[in-house]
Amino acid sequence: AYQLYEALLKPVSAGWHGARNLVVVPHGPLGQLPFGLMLTTKPVPGAPTAVPFAQYMQFSWLVREVAITQLPSVASLRILRNVFAGKSAQRPFIGFGDPWFSQDQARQATAQLAGAPALNQDKAVGVRASIIGRRSVERAELGLLPRLPDTAEEIRALGQTLGADPGRDIFLGPAANTRAVKTLDLAEYRVIAFATHGLTPGALEGLAQPALALSAPDVAHVEGDGLLTMEEILGLKLNADWVVLSACDTGAGAGEGAEAVSGLGRAFFYAGTRAVLVTQWSVESTSARALTTELFRRQAAEVGLTRAEALRAAQLALIDGRGAIDPTGRTLYAYAHPMFWAAFALVGDGGR
């Protein structure tokens with residue numbers, strides 16, 4: 001991380017040092033690099049800490065100095081600000097999360113809602129990844145994706161933070177389906193969030209473009225394949241300040257040699273959002289929920305705080321915070337390691 005800083009930013013530091021916001025237009029492999037995890041000074045190995053990952057609090061991450069925004073091109077910032085100079089959307093938030101990918105998951109979820117113990121529940125739901133996006137997976141069905149029940153709490157928390165109507169604006173379980181996304185008037189919402197799996201091309205048999213995984217058609221009683229693809233996203237009509245893609249691999253390129261901005265992020269960008277929050281790799285669910293809710297809490301509480309500055313504040317809160325807490329209040333490990341906070345990247349207009 002320090003060597004990259006020495007090669008890319010240190011030689012031109014006189015031009016940006018002291019700025020509040022740094023706008024980068026990365027190309028090729030640099031599009032998969034979160035610039036905030038560069039180190040501005042060479043790290044010195046320290047003594048082991050009692051709390052795992054706590055030593056990373058002392059590192060000189062670039063995010064400590066400046067808020068960072070990505071753009072697909074230099075000209076896109078002017079285009080964004082000219083196109084979106086009109087009236088903002090009226091409703092604060094709409095969110096989709098915890099989709100059910102199979103009838104078995106639907107039965108387990110229904111049993112849990114009724115207070116009965118779930119049978120054979122997949123334990124590996126803490127990380128939004130698993131089989132997704134691996135080259136070795138050639139024949140994977142939607143029903144093999146692990147359910148992410150904690151994403152329901154993330155969507156509810158975001159809705160509460162932003163003042164959404166839970167009966168109208170929160171779509172969970174079977175309600176988080178492709179028909180709902182494509183038929184609702186999403187242009188009415190300033191913030192749109194998807195908390196689910198992101199799929200790269202080839203992750204499922206026949207999938208040739210990036211997609212978001214939503215509830216299975218036989219669970220939601222809708223037509224389609226349960227996937228919101230890049231092509232379908234391009235057909236949406238939005239007027240959003242933010243689209244939040246709190247899912248794994250949403251920042252991944254659309255293929256070998258892909259340009260910096262992902263297919264999913266680019267699709268939402270052109271569908272009509274000022275900024276897209278994407279993830280560069282698989283994220284741990286509890287820390288992801290803490291980061292996204294803190295981001296919008298900060299932006300709502302601090303008048304004049306830009307989108308890029310709100311993301312930076314949320315990342316610093318994760319780095320310097322208490323980390324993962326067990327039921328007794330003991331810190332299990334810190335969130336200071338970049339695997340917890342650096343995956344999130346803001347693409348588009350980082351302003352207010």
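**Briefing: fold, salt bridges and a buried leucine**

Of the chain's 352 residues, 54% count as buried (under 20% relative accessible area; exposed is over 50%, partly exposed in between, with a 1.4 Å probe and protein chains only). This is a predicted model: local features need pLDDT of at least 70, side-chain atom pairs count only at pLDDT 80 or more, and totals for chains, interfaces and linings use all residues. Residues are numbered from 1 along each chain as its sequence is written, and side-chain values use heavy atoms, with hydrogens and water left out.

**Overall build**

- The chain holds 13 helices and 13 strands (DSSP runs numbered from the N terminus: helices are H or I with at least four residues, strands are E with at least two).

**Salt bridges**

- Side chains of opposite charge can pair when their charged atoms come close.
- The count comes to 12 salt bridges (a side-chain nitrogen of Lys or Arg within 4 Å of a carboxyl oxygen of Asp or Glu).
- Glu 309 and Arg 20 form one of them, at 2.6 Å from N to O. Glu 309 sits in helix H12 (residues 307-320) and Arg 20 in the loop between helix H2 (13-16) and strand E1 (21-24), so this pair ties together parts 289 residues apart in sequence.
- Lys 182 pairs with Glu 232, with the closest N and O atoms 3.0 Å apart. This pair links helix H7 (residues 178-183) to helix H9, across 50 residues.
- Lys 182 is partly exposed at 42% relative accessibility, and Glu 232 is partly exposed at 26%.
- Asp 326 bridges to Arg 330, with the closest N and O atoms 3.3 Å apart. Asp 326 is buried, at 14% relative accessible area.
- Glu 294, Arg 297 and Arg 298 join in a network of salt bridges.

**Leu 236**

- Leu 236 lies in the loop between helix H9 (230-234) and strand E9 (242-245). Leu 236 is buried, with a relative accessible area of 9%.
- Beyond its neighbours within four places in sequence, Leu 236 contacts Val 181, Lys 182, Leu 186, Phe 268 and Ala 271.
- Ala 271 is 35 residues from Leu 236 along the chain, yet their C-alpha atoms are separated by 5.7 Å.

Notes:
Contact = heavy atoms within 4.5 Å.
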